[in-house]
Amino acid sequence: MARRFRARLAWLGVLVMALSLNPAALAPAYSATTSSVAGSGVDHPELRTVSYRGIQVEVPSTWPVHDLTSAPDTCVRLDRNAVYVGAPGADQDCPARAIGRSDTVWLRPASPQARSLPRSSAKVGGLDAVVRSDAGGHVKHVSFTGRGVEAEVSWAADPTVVDRVLSSASPTSTAPSAQPSTSDRASAEGTSRDLARTASLSTATAPAQSTAGGMGFDTCAAPSTAVMDDWLSSPYRSVGIYLGGSMRACPDGNLSAAWVDQVKGMGWGLMPLWVGPQAPCVIQDNLAHIDPAQAAAQGKANAADAVTRAQYFGLGPGTPIYYNMEGYARGDAACTATVLTFVTAWTNELHRLGYGSGVYGGSGSLMVDMSNAVGSSGFAPPDDVWFAHWNGLQTTSDSASYPDFRDGYWSRHQRLHQYNTLTQSWGGSTINIDANWLDGAVAGRAVPVSYGTRTYGPGSTSFVFTGKMNYWRKNDPYGRQAMSYWTHPSSDGTEYNGATWSPRLSRGLYRVSASIPKTNATAQAHYTVTDAQGVTDKVVDQGAVTSDGVERYTSLGTYLARSGSSVTVHVADDGPGPTTDRIGVDAMRFELVATVPGTPTSVSAVAGNARATVSWSAAPSNGSAITGYTVTASPGGATARVSGSARSAVVSGLTNDTTYTFTVRATNVVGTGPASQPSNAARPSAWGLFHVVEPVRVLDTRSGETANPRRTALGAGESVRVKVAGVSGSPVPAGATAAALNVTVTGPRANGLLYVGAGSDGRSTLNFAKGQTLAHLGITRVRSDGTVTIVNHSRGAVHVLVDATGYFTRSTSGGSYQVVEPVRVLDTRSGEAANPRRTALGAGESVRVKVAGVSGSPVPAGATAAALNVTVTGPRANGLLYVGAGSDGRSTLNFAKGQTLAHLGITRVRSDGTVTIVNHSRGAVHVLVDATGYLR
């Protein structure tokens, strides 16, 4: 039931009770008698005497008298000759559109409303009073001393008539006490309750100005805070308020600093308006005109008055204030010049006082004239414009109707559009409003309706109705926020009306779903989805979705957003089906299901002759299958691209004897993910061909080896030369240009890094943590004396083990390395075609694994060596794994209990195509082997 209807019932109940308990209640709140007044050279109209709470005045008999106590929803209007007595209710039945000024008198209980105005004590008629005048606003407040009554009078151009009314003020024969009446107290208490009702909704301080989007409304009189609370159930989130001005048609009413504070705290944006003199060629009657000779002075004075009133209502610097300039006839150059001069002075003065400048006016008059003046000498355009064109369209462009009102002006979120006038009810409260579409400045912050994460609908951001709003019907209380709408399909298959959801989405793949209201959604609705890959049409039988009476989301599919290209959804009224059906519009959900891939890990590089082989571990797919990898060399930017299943690639075209690092990026349907960490440094060289050997330990600082008998840990910061080539105990011959070395650190006393190479620059070959055992396969140059240098860059001692697994020579004999797409040849968890075993390796167990010349492996028969990425997972105890063509138990991969760890190595392959894997631990462990390349 509408609030106004409930209010009428409440007043009727009070009246009936009063009559039944006290016959004296039949006495009216005021009395009026009519008399003829003789003139004395002055033309006096017939007068009537109006009495209110002990004070009487004489007013023209033709003026209607409105008793606000018995009819509290009467709208107090200043644009009609009238007398008002009493205090109105909190919710006046005012029109949306009222402007102008006539002579009015209002007798009411004393209030603090005008206390910000200059005051003076005076005799008013036969009574002592305090008078406060606002000549610019054409308003005067008179507080009768000791009587609890005040008069507010307003006038059009001349205060003579209302001053004559005030001069007739006198006491009645029996003056009541200065206490307000019961009904007046009820009205005041109701307003206080309205403020208290919303006091707890927000304690956040709203900004002086922000940019608001979406739906807003304005109406002549400020609704009560209770009604504003009710209208939070609407899609509107900004409200126009009239601060004042000589042509304002409704007085302050509910509007106060407390009202402003409470309403902003609810999440409403405010559109402050000022209504002063109008264009000399204004179309409407009953309006004061700007004096062409005083246009600049009047514009400046109105701006100053508007700021004073804004401050009275608690709206400080930064607040935008919109001047209401009604439509006027175009083609009158002098009139246009007057308006532009006025607007310039208005803008300059507001800026000088620290406020934002806005103007309201018709598209075909003020907006066209200002657009034509932009850039001309002497014209200061306002910061924001609020144009009136009642075309029913939620848009801030009007160039289709008025080409001179160019879209390029006021284009940076600087426009408001008044598009319709209508009466609506939300939350049980009914208001006659002007509807607006906003993309411009408001006071405070308009908090949009929230539908949840990446979900949008009426009243939220990223949603707009297209076509005329006259054909969209509100469908409350149905919908996710009880704000759904419906319209009929068109009769000829042509789109006339629609709705668009256009969120700004980050790059990703989204599942898009439409919420279908359970009532007034029966049509075959035509949806068009536009994403980075094109346009998709979908027809949804809305009636079938909610045939069981349950409101639910229905999927429109999965769509792609990329940088600069989001996902938009549009529903149109051109779908198939009878025009008696109804198309329901509510929320649209954009659920993120995939993003770009993550970062590849464990990137390593092996240099060759003018090329390098780069290997990596798979990147996280992040919801969408990886379609490819790109390897990039630095310096130079040479690239190689392989499929999403590959785990290695050869980058060709490199310059020998130049040091490179490599990064890897993964790509899926969403796009390309971030680059990996750089690989180890690799230096291509014409060293010759690679020879793989059975791993031989050439250094073990724990026990000593033939090639290097040292048996003490490397001290903190220590550098040592290790003999690798041409030495007894090493398989690497003299003259080798490089060696493949599997380096293991164990028992480090501190975090640090190890350098292994033919230089001494300390670049990291292997990073380790205190107490960690870790292995790394690398290929490094060998000096002409057959040595490499190892440097312990840590603050503690560390033991180092080095196994030689292969070498390069400049001879013409040796293996040629071939890269293949990674293929899993062993998985002890589930079995593979090449090796169907599906049980973990037991403690100490040794197993032969088929690698070459077997179905399910890319390594051909005759291969002399294979590049194998070996992974351990779920080990029951600490230990190490050996992988090779022998069985001596040298460490290939060290692991800890419960650890999952991968290691890339190159190992010889026996003539029967097998390698041996030995589990050197006291517990079972699962092993996975991927073949990534081979030598032959």
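# Briefing: sheets, a helix pair and a core

Tyr510 stands opposite Leu592 in strand 31. This is a predicted model, where local features need pLDDT of at least 70, side-chain atom pairs count only at pLDDT 80 or more, and totals for chains, interfaces and linings use all residues. Residues are numbered from 1 along each chain as its sequence is written, and side-chain values use heavy atoms, with hydrogens and water left out. Helices (H or I, at least four residues) and strands (E, at least two) are DSSP runs, numbered from the N terminus.

**The four-stranded sheet**

- Strand 25 (residues 508–516) and strand 31 (residues 588–594) pair in the antiparallel sense over six bridges; pairing requires that DSSP finds at least two bridges between two strands.
- The open sheet has four strands in the order 20-31-25-28, with antiparallel pairing.
- Strand 20 (455–456) and strand 28 (552–561) are at the edges with a single partner strand each, so one side of each has no neighbour in the sheet.

- Strand 2 (residues 47–52) runs antiparallel to strand 3 (residues 55–60), and six bridges join them.
- Ser51 stands opposite Gln56 in strand 3.
- Two residues lie between the strands of this hairpin, where Arg53 takes a positive phi near 45°.
- Six of the six residues of strand 2 are buried, so the rest of the structure largely encloses this strand. Buried means under 20% relative accessible area, exposed over 50%, and partly exposed in between (1.4 Å probe, protein chains only).
- Leu47, Thr49 and Ser51 point one way from strand 2, while Arg48, Val50 and Tyr52 point the other way.

**The nonpolar core**

- The largest nonpolar core has 93 residues; Trp259, Ile321, Met370, Trp501, Tyr527 and Phe590 touch the most other members.
- Helix 7 (residues 333–352) gives the most to this core, with seven residues.
- Such a core is a set of buried Ala, Val, Leu, Ile, Met, Phe, Trp, Tyr and Cys residues joined through side-chain atoms within 4.5 Å.
- Leaving aside neighbours within four places in sequence, Phe590 is in contact (heavy atoms within 4.5 Å) with residues including Arg454, Trp501, Tyr510 and Val569.

**Helix 6 against helix 7**

- Helix 6 (residues 295–312) and helix 7 pack at an angle of about 40°, with their axes 7 Å apart.
- The contact includes Ala295, Gly299 and Val307 of helix 6 and Thr338, Phe342 and Leu350 of helix 7.
- Axes are lines fitted to C-alpha atoms, for helices over the stretch in contact, and angles run from 0 to 180 degrees between N-to-C directions.
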